[in-house]
Amino acid sequence: MRILLVNANTFSNPPCIPIGVEYAAAALRAHGHAVGVCDLWPHPSPLEELLRRLDAEEHDLAGVSFRNLDTAQAARYINFVPDLRAIVEELQKRGLPVILGGSGFQAMPREALDYTGAEFGIDGPADLALPRFVAQFEAARSAWMGAPAEARIVNAHVMGINPDFVPERAVDIYYPAYIAKGSVAGFATQYGCGGACEYCVETRAAHHMRNPAAVAAELKALCAQGFDDYHLCDAEFNINLEHCHGVLDSMAGARLSMRWALYMKPVPCDAALLDGLRRTGAYLVTLSVDSAAPARGQYSWDDVSFALDGLRDRSVKCAVDLTVGLPGEDIGGVRRAIEFFRAARPEKVNVNAYLRVYGGTRLEALLRSQPELHAHLDDELPPGPPLFRLFYNQLPLPELKAMLGDDPVFKLEGFDRGTNYELFHD
Ligand code: SF4
């Protein structure tokens, strides 16, 4: 079958090489399909580029991948779904059935499908689910087209991944254009998280780990093409400590000439993990911390210190993404967190007090069951899952600013510019 895969993410703050599209293209080719990739990011007029490709090539099916529903930042809010709908409509005008996918789709699949009018969706990793869907498509097409939305979304979280899959990379996407704009190559060691943070869409996704040898083989091939600068695409690296050790050992064994940045939680963490990061060229860790977590018993400030000190001892820079003001959190917990980091002095602490309310999260469920929390919303809670702007904030900005003072270690997320890897990339 002839399939066009479209990268619909044209946002440039920061620019992101679409590895999900690359993985999907490689998986489809491995099953004998003819795949074209249309990357809309580099083009000032994305729809014109899409039309140009549609005029030039024949396809049977289109897949559209998008990375985010929106910016998730209250101060710089942009919703990407209307642009996505325009792309879907152009494809449908050419008679192409459209499959949506990508991490943006996984955030609120049912709502994204309804709003855009796309026919199908892959909710989860595509490397197994998409080829299976395409294999059955011709036979099942007419029955599927008339089915309700739920039945037109493939639950790829349940299907899982091929842990040994090594996709060919940098074939369809022109990396130098991204790198010239400050981007770096990405790689993934796992999918999902298995965590329970109330504001996070990753809680919907089942956790699947790749074979460490496959991760190292993929990186080796990319390094051989001259790419030596990476950002890990995992939601958090240290979900399973044994898996971390395996990945780091495989990377070290492959003697990769690379450096990389990554996200981590404070726990689990041990000396072998920290040593492995240093050994494999990690130069920046962004530590995700909730100010409410110590009071909830999820981890202690000693755990946070262990990670911060361990990284500093190994000359790995550490920035912190600090989320404050979770529902029911005591203001004393926020003060404690701010004073902790004022003393600990990581490279930077990005403080976020505005939680985007996504459908299907525990935060949405809390808001539906506790109407008294609605006073902290920036708009009315809609009857259905909020596909468009809705933020929860129980710590007013002036109060937060007064707590932070003029200490340059703190940065207000969404108000001050720059991602961590852009700020600390030398
Ligand atoms: S640990 Fe990180 S990725 Fe996992 S649910 Fe919490 S915020 Fe999301």
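Which backbone oxygen does the side chain of Gln394 reach at 2.9 Å? Keep that in mind as we walk through the model; the answer comes at the last stop.

**Before you start**

This is a predicted model, in which local features need pLDDT of at least 70 and side-chain atom pairs count only at pLDDT 80 or more, while totals for chains, interfaces and linings use all residues. Residues are numbered from 1 along each chain as its sequence is written, and side-chain values use heavy atoms, with hydrogens and water left out.

**Stop 1**

Strands here are DSSP runs of E with at least two residues, and helices are runs of H or I with at least four, both numbered from the N terminus. Six strands make an open sheet in the order 2-1-3-4-5-6, with parallel pairing; two strands pair if DSSP finds at least two bridges between them. Strands 2 and 6 stand at the edges with a single partner strand each, so one side of each has no neighbour in the sheet. On average, neighbouring strands of this sheet are turned by 20 degrees against each other, direction ignored. Axes are lines fitted to C-alpha atoms (for helices, over the stretch in contact), and angles between N-to-C directions run from 0 to 180 degrees.

Contact means heavy atoms within 4.5 Å. Helix 2 (residues 46-56) lies across strand 1 and strand 2, at about 155 degrees to strand 2.

Now zoom in on strand 2. Is it largely enclosed or left open? Five of its six residues are buried, so strand 2 is largely enclosed by the rest of the structure. Buried means under 20% relative accessible area, exposed over 50%, and partly exposed in between, using a 1.4 Å probe and protein chains only. Six bridges join strand 2 to the parallel strand 1, and Gly36 is the bridge partner of Leu4.

**Stop 2**

Select strand 7 (185-187) and strand 17 (410-412). They belong to an open sheet of seven strands, ordered 7-10-11-12-13-14-17 and paired in parallel. Strands 7 and 17 are at the edges, each with a single partner strand, so one side of each is left without a neighbour in the sheet. Inside this sheet, strand 11 (residues 259-264) and strand 12 (residues 282-290) run parallel and are joined by five bridges. There, Ala261 has Leu284 as its bridge partner.

**Stop 3: Thr189**

Click on Thr189, in the loop between strand 7 and strand 8 (190-191). Thr189 is buried, with a relative accessible area of 0%. Beyond residues up to four places away in sequence, Thr189 touches several others, including Met209, Asp234 and His243.

**Stop 4: Gln394**

Finally, go to Gln394, in the loop between strand 16 (391-392) and helix 16 (397-404). Gln394 is partly exposed, at 21% relative accessibility. Leaving aside neighbours within four places in sequence, its contacts include Gly325, Pro327 and His376. Here is the answer to the opening question: the side chain of Gln394 reaches the backbone oxygen of Leu326 at 2.9 Å. The side chain also reaches the backbone oxygen of Glu329, at 3.3 Å.

Key: A polar contact is a pair of N or O atoms within 3.5 Å; within protein, one must be able to donate a hydrogen and the other to accept it, and residues adjacent in sequence count only if both atoms are side-chain atoms.
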